[in-house]
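Morning, everyone. Please look at the model on the screen while I talk.

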Amino acid sequence: MARLLVVHHSPTAAVRKLTDAVVAGTQDDAIEGVEVVVRHALEADADAVLAADGYLLGTPANFGYMSGALKHFFDTIFLQAGGALADDGAAASPGSGGRRPYGLWVHGRYDTTGAVRSVQSIVGALGWSQSAAVLEVLGDVGDDDLAAAYELGATLAALVGG
């Protein structure tokens, strides 16, 4: 059975709503053959990453960057999960982690650009492949945002279960 790992940091009601909708999408009745594993960013480890066939990542945008919890997740798993570093210690691309699919959702009050860029930089060095448009939500989370989050979850689950 294919495995989809959902790693998130959902400290606010807005991000929790998006996370719940993403997870609900992964469990859509039309999707079969996918085990969905949900982990808070501070609880996910390299074993969970290595055992997964695809990933969904969720974070708030904090001061123009991903959350500290999601950054800690990447710091913890990066080398074990096949991440590549350049000679200067920066993330290098491509990593040896394979072209596993990933999706990303980010919530911010004013801007999500830096948070999205920071995640994409790291997953590029892991060799993961962006397999759906990034869901960027600013301000209050509305019904359209929740529908898009559900669709993101369902899309990645369907790709992994393929």
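Predicted model: local features only at pLDDT ≥ 70, side-chain atom pairs only at ≥ 80, totals over all residues.

Start inside. The largest nonpolar core has 32 residues. Leu 57, Phe 73, Phe 74 and Trp 128 have the most contacts inside it. Which elements give two or more residues to this core? They are strands S1 (2-8), S3 (54-60) and S6 (101-108), plus helices H2 (46-50), H3 (68-77) and H4 (113-126). H4 gives the most, with seven residues.

Now find Phe 74. Leaving out residues up to four places away in sequence, Phe 74 touches Leu 57, Met 66, Val 119, Ile 122, Val 123, Leu 126 and Trp 128. There is also a second, separate core, of 24 residues. Leu 135, Val 137, Leu 152 and Ala 154 are among them.

On to charge. How many salt bridges are there? The count is three.

Take Glu 35 and Arg 3. Their closest N and O atoms are 3.1 Å apart. Glu 35 lies in strand S2 (residues 34-40) and Arg 3 in S1, so this pair ties together parts 32 residues apart in sequence. Glu 35 is partly exposed, at 32% relative accessible area. Arg 3 is partly exposed too, at 27%.

Next, Asp 75 and Lys 71, at 2.6 Å, N to O. Both lie in helix H3, four residues apart, about one turn.

Last, Arg 109 and Asp 140, at 3.8 Å. Arg 109 is in the loop between S6 and H4. Asp 140 is in the loop between strand S8 (135-138) and helix H5 (143-161). Arg 109 is partly exposed, at 48%, whereas Asp 140 is exposed, at 67%.

Notes:
Residues numbered from 1 in each chain as written. Heavy atoms only, no water. Core = buried A, V, L, I, M, F, W, Y, C linked by side-chain atoms within 4.5 Å. Buried < 20%, exposed > 50% of the residue type's maximum accessible area, 1.4 Å probe, protein only. Contact = heavy atoms within 4.5 Å. Salt bridge = Lys/Arg side-chain N within 4 Å of Asp/Glu carboxyl O.
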